[in-house]
Amino acid sequence: MTLSTKQIEQVMTLLSKEKAHWGIDIDQQWQFQKSYNRLFLCLKQSSENDEAKQSFKLNLGESMFLSKNEWVGIFPEDKLEMPEEVNSWLEYRQSLGEEFPFPIILRKRQAGDRIQLNEQLHKKLSRFFIDKKIPQDLRSQTWIVTDLRGNVLALLPYVFSYLCIPKETAKIHYVLLYKYRKPKLEGEADAGKRY
């Protein structure tokens, strides 16, 4: 791969600007990406990625591997069941009241998605990611939890919607459990606890 003078000038121009995220294609396979204070040379991701189109339905008492590094389950509070291999993974858990809407849908982000963060505040997911300074590559890996009507209930592993957090007086009946690990890099012993 060889960079043209024009490509080098484009990268230098963009680096001098205050923009937090951008990408420039180098050729059919490679691109430069900036995410906050980091510059990466990486393989281009297909916009028609099959993973981005996937969605899964999960009923109470069910669990599944979303990828080799992610597992999710939703259970009655007293009947948590998870595979032994995920015990040491990082965990994101939410206690749920009896009014929680079952089943749930797990999918990737879509244009226009919004989440209710408190009684008055609704925020676009794109704005939430910007406000929390979550890098672009992690944004695309985030799983969105919705009810059957499409209301966003959670961004895993970042935040649960105000809609599904039980009231202080509510009795906890269920638990949504998301277990994940950072993929191992070549030469790394155990990357599971490094988030």
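Trainee: Which residues do ring pairs link into a cluster?
Mentor: Phe100, Phe102 and Tyr174. Rings of Phe, Tyr and Trp (its six-membered ring) pair if their centres lie within 6.5 Å; planes under 30 degrees apart are stacked, over 60 edge-to-face, the rest tilted. Before you go on: this is a predicted model, where local features need pLDDT of at least 70, side-chain atom pairs need 80 or more, and totals for chains, interfaces and linings use all residues. Numbering runs from 1 along each chain as its sequence is written, and side-chain values use heavy atoms, without hydrogens and water.

Trainee: How many aromatic pairs are there in the whole structure?
Mentor: A search finds nine. One of them is Tyr92 with Phe160, stacked, with 5.5 Å between centres and 15° between planes.

Trainee: Where do those two sit in the chain?
Mentor: Tyr92 is in strand E7 and Phe160 in strand E13 (residues 159–160). They are 68 residues apart, so the pair links distant parts of the chain. Strands (E, at least two residues) and helices (H or I, at least four) are DSSP runs, numbered from the N terminus.

Trainee: Why does Tyr92 count as buried?
Mentor: Because its relative accessibility is 18%. Buried means under 20% relative accessible area, exposed over 50%, partly exposed in between (1.4 Å probe, protein chains only). Phe160 counts as buried too, at 6%.

Trainee: And Phe128 with Phe129, what sort of pair is that?
Mentor: Edge-to-face, at 6.0 Å centre to centre and 65° between the planes. Both residues are buried.

Trainee: New topic. What order do the strands take in the four-stranded sheet?
Mentor: E5-E6-E14-E7, open and antiparallel. Two strands pair if DSSP finds at least two bridges between them. Strands E5 (62–67) and E7 (90–97) are the edges, each pairing on one side only. E7 and E14 (residues 172–180) share eight bridges, and Glu91 has Lys179 in E14 as its bridge partner.

Trainee: What about the three-stranded sheet, what's its order?
Mentor: E1-E2-E3, also open, with antiparallel pairing. E1 (21–25) and E3 (38–43) each have a single partner strand, so one side of each lacks a neighbour in the sheet. Neighbouring strands here are turned by 20° on average, direction ignored. E1 pairs with E2 (residues 30–35) over five bridges. Gly23 stands opposite Gln33 in E2.

Trainee: Which helix packs on that sheet?
Mentor: H1 (residues 5–16), touching E1, E2 and E3. Its direction makes about 180° with that of E1. Axes are lines fitted to C-alpha atoms, for helices over the stretch in contact, and angles run from 0 to 180 degrees between N-to-C directions.

Trainee: How many residues are in the largest nonpolar core?
Mentor: It has 22. Such a core is a set of buried Ala, Val, Leu, Ile, Met, Phe, Trp, Tyr and Cys residues joined through side-chain atoms within 4.5 Å. Val72, Ile104, Leu106, Leu156, Leu176 and Tyr178 have the most contacts inside it. E14 gives the largest share, four residues.

Trainee: What does Ile104 touch?
Mentor: Beyond neighbours within four places in sequence, its contacts (heavy atoms within 4.5 Å) include Phe56, Ile74, Val145 and Leu176. Another core of nine residues lies apart from the largest one, with Phe128 and Phe129 among its members.

Trainee: Last one. What lies over the face of Trp143?
Mentor: Lys108, at 4.1 Å from the ring centre. The rule is NZ of Lys or CZ of Arg within 6 Å of the centre and within 35 degrees of the ring normal.
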